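Hi everyone, thanks for making time. I'd like to walk you through one protein model today, so please have the viewer open.

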Amino acid sequence: MNESSHTLIEKSFTFQDCEASQSLTVSIPEVLDSQYGMYVWPCAVVLSQYVWMAREELQNKTVLELGAGVSLPGVVAAKCGAHVVLSDSAELPLCLRNCRRSCDVNNLPRVPVIGLTWGRVSPELLSLTPLDIILGSDVFYEPEDFEDVLVTISFLVRRNPHAQFWTTYQERSADWSIDALLHKWDLKCINVPLETFEANKNHLAGSTLPGNHTVQMMIITRKAPTEVTRLQSPTDLREHKTATYLSTTKTPICFKATPTGADFGWLLDLDLDLDPLFDAGVRLLERDLDLDRERDLDLEGDLDFLLRGVCDLERERE
Ligand SMILES: C[S@@+](CC[C@H](N)C(=O)[O-])C[C@H]1O[C@@H](n2cnc3c(N)ncnc32)[C@H](O)[C@@H]1O
């Protein structure tokens, strides 16, 4: 795409508190083009409102925005006193250019803009300074990318255990869910009701963008590490309600093991050897039995069983 052939339009957004005693106006240049990272999405206005309402907490905090596009939330965070790094896909230089342009228009010349592609461990990712907050507005819009986004988040919150991922999500299909991936990557999530930060409006920050879209605000964090005890044998699983099944080469998987049945049909997609679990008394639900597949890993050689002593994952998920 030749950028010079595209028209730029500047849009203003004004955030204010309910007494209107404080306000912040930022301008975001949008590119008239159908690509995703070229203009402000409804999710960005909602996330920016959250950032604005949290502005005192954000002072001097280090904030990374992922998939920033035209970067409204990151710009608001920087204007509120956070040390912000903006990022978008390393393969989309025009989106990175948009990040830079939004900073320039808002007089933020020192905000770094870097290429960070979700799911990829790159020198840019590895050289990030410690982070407090990660922002992601409308980054869960293509189901095939959900895991890549969460892989990056999982990596970042392991390095920065207190960090939080503040993200807004536009409901586009009732069938899409990140629940299984959150479990897989040892993350947990809370929903933040929009009314708690005055975002339950069709008009927000002087913009009609939120409109009738269903946007949700979530905070994703690392699942608290719990005491880990090595199981001596798979049969020890009988003694415990909940365990983490670890392969030396694969991602840790959490599941709830009960003698009567466990809803972990989704685990079957992960190409793990579940025989030791079945031997230990775990049963699949009837409906999952036909999804079972050939399993060929060797328990002694390839797998470790670790027990998470405290958690009842089902309760945690609630
Ligand atoms: C729906 S747009 C949202 C843009 C902006 N956050 C907003 O809400 O206005 C999705 C953004 O993710 C970026 N993106 C897409 N795939 C990506 C990837 N694999 N890694 C990093 N960013 C990506 C796009 O360039 C785009 O800026």
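I'll begin with the whole chain, then move to the sheet, and finish with the helices.

First off, please keep in mind that this is a predicted model. The average pLDDT of the protein is 76, and 67% of the residues score at least 70.

Now the overall picture. The protein has 11 helices and 13 strands. Of its 318 residues, 36% are buried. And if you take the contacts with a separation of 6 or more, 69% of them link residues 24 or more positions apart.

On to the sheet. In what order do the seven strands of the open sheet come? Going across, you get β5-β4-β3-β6-β7-β9-β8, and the pairing is mixed. β5 and β8 are the edge strands: each has a single partner strand, so one side of each has no neighbour in the sheet. On average, neighbouring strands here are turned by 25 degrees against each other, ignoring direction.

Let's zoom in on β9, residues 215-222. Strands of a sheet pair through backbone hydrogen bonds, and they can be parallel or antiparallel. β9 pairs with β7, residues 164-170, in the antiparallel sense over six bridges. Click on T167, and you'll find that its bridge partner in β9 is M218. β8, residues 187-192, is also antiparallel to β9 and is joined to it by six bridges. There, L187 has R222 as its bridge partner in β9, and K188 stands opposite T221.

What lies across β6, β7 and β9? That's helix α1, residues 42-53, which runs at about 145 degrees to β7.

Next, α4, which covers residues 93-105. Which residues of α4 are buried? They are C95, L96, N98, C99, S102 and C103. These sit on the same side of α4, because they cover an arc of only 150 degrees around the axis. As a reminder, an α-helix has 3.6 residues a turn, so residues three or four places apart point the same way. On the other side of α4 you'll see P93 and D104, which are exposed. The buried residues pack against β2 (23-31), α3 (72-79), β4 (83-88) and β5 (113-115).

Last one: α6, residues 143-159. This helix has 17 residues and reaches 25 Å from first C-alpha to last, close to the expected 24 Å. Its buried residues include V149, L150, I153 and V157. What do the buried residues of α6 pack against? Among their partners are β3 (62-66), β6 (133-137) and α7 (179-184), and also β7, β8 and β9 from our zoomed-in view.

That's my tour, so over to you for questions.

Terms used: Residues are numbered from 1 along each chain as its sequence is written. This is a predicted model: local features need pLDDT of at least 70, side-chain atom pairs count only at pLDDT 80 or more; totals for chains, interfaces and linings use all residues. Two strands pair if DSSP finds at least two bridges between them. Helices (H or I, at least four residues) and strands (E, at least two) are DSSP runs, numbered from the N terminus. pLDDT is the predictor's confidence in each residue, from 0 to 100. A residue is buried if 20 or more other C-beta atoms lie within 10 Å of its own, exposed if 12 or fewer, and partly exposed in between; C-beta atoms are placed from the backbone. Two residues are in contact if their C-beta atoms, placed from the backbone, lie within 7 Å. The expected span of a helix is 1.5 Å times one less than its number of residues. The arc is that of the directions from the helix axis to the C-beta atoms. Axes are lines fitted to C-alpha atoms, for helices over the stretch in contact, and angles run from 0 to 180 degrees between N-to-C directions.
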